[in-house]
Amino acid sequence: GTGAAVSKVGFYTIAHLAYIDVLLGWMHLGLSIAFEATFKAFAFAAFMKLTLSGLFQTKYLGIIWRAQRISVNNSRYACIQLQLLLCGGVFLMWRLLNALGPFALFFVYSFWIPQIISNVARNSAKPLQLQFILTNTITRAFPPVYFFGVAGNCLQLPVQHRALVAWLLFHLAQQIVLLLQYSLGPRFFIPSWALPKRYDDHRPFTLRYGAIPDIESAEGEMCAICRSSVDLNKPREYMLTPCDHLFHLSCLSQWMLHKLECPNCRGHLPDP
């Protein structure tokens with residue numbers, strides 16, 4: 001996707017999925033050692049999980065990290081921050097799993113909650129593809145259903161139907177909220193009085209010295225993207241950034257599909 005689209009993806013949702021895959025990779029590796037008869041199957045699963053989290057998910061996290069922090073100039077420093085966050089996150093999740101006991105399952109499968117919060121904060125309705133949401137929701141439900149719903153599972157865990165039903169409701173509730181955000185808007189469950197005031201990018205244009213220009217004499221104000229003049233008589237056809245730079249609506253809208261930064265000064269632009 002474009003830089004602007006990637007910046008709307010919940011970083012902590014993808015990081016949470018990566019943490020889960022790392023832990024599952026190590027669990028499969030342990031099972032491959034414990035059960036010699038199924039060594040190849042579990043070892044292959046461990047290799048795929050660790051490869052997925054170590055290469056592809058980490059690379060995607062780096063792209064999201066940079067897209068959401070356009071003001072960070074030191075890429076090496078940002079890379080170190082990201083690596084520390086990933087390593088610390090895996091360790092923290094492992095510690096929490098040991099501390100939470102039976103509630104650990106709810107914590108591990110709360111990975112859609114950061115995306116729901118991010119949608120509300122950024123007013124983003126469709127940052128993730130529907131196929132991605134459905135695939136992860138369904139496929140990642142198999143291990144809990146097997147271990148807590150099937151008697152005689154390979155770990156010999158006792159069947160816990162009540163806990164499994166409670167977890168399934170919690171797991172599905174997250175997906176339902178995401179789907180409702182797709183259709184009703186990312187802030188559909190928040191009352192209007194609690195919503196932050198939206199930035200008005202069609203506000204009246206003022207000259208650099210602060211006066212409201214005379215439309216007849218306000219010549220020379222042009223769009224920096226297409227280099228043509230802007231008609232100040234039609235405020236719905238231009239956009240004025242928070243840094244007071246003027247652009248055609250069509251020009252800046254296309255620009256913001258790729259970058260959420262001002263073409264003139266590289267200042268941050270609010271989410272469309």
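Predicted model: local features only at pLDDT ≥ 70, side-chain atom pairs only at ≥ 80, totals over all residues.

Q: OK, how many salt bridges does the structure hold?
A: There are two salt bridges. One of them joins the side chains of D21 and R140, at 3.1 Å from N to O.

Q: Which parts does that pair tie together?
A: D21 lies in helix α2 (residues 11-34) and R140 sits in the loop between α7 and α8 (142-149), so the pair links parts that are 119 residues apart in sequence.

Q: Are D21 and R140 buried or exposed?
A: Both are buried.

Q: And which residue does R266 form a salt bridge with?
A: E261, with the closest N and O atoms 3.4 Å apart. E261 counts as buried because its relative accessibility is 11%, under the 20% cut-off. R266 is partly exposed, at 44%.

Q: Where is R266 in the chain?
A: In the segment after α10 (249-256). R266 also has a positive phi of about 65°, although it is not a glycine.

Q: Why flag that?
A: Because most residues other than glycine have a negative phi. N123 has a positive phi too, near 55°, and is found in the loop between α6 (113-122) and α7 (130-139).

Q: Switching topic: which residues make the nonpolar surface patch?
A: L172, I176, L180, L184, F188 and F189 make a patch of about 530 Å². F188 is in the loop between α9 (161-184) and β1 (238-240), and counts as partly exposed at 31% relative accessibility.

How values were computed. Residues numbered from 1 in each chain as written. Heavy atoms only, no water. Patch = residues over 30% accessible without salt bridge, like charges linked within 9 Å, V, L, I, M, F, W, Y side chains within 5 Å. Areas by Shrake-Rupley, 256 points an atom, 1.4 Å probe, with all protein chains shown as cover. Salt bridge = Lys/Arg side-chain N within 4 Å of Asp/Glu carboxyl O. Helix = DSSP H or I, 4+ residues; strand = E, 2+ residues; numbered from the N terminus. Buried < 20%, exposed > 50% of the residue type's maximum accessible area, 1.4 Å probe, protein only.
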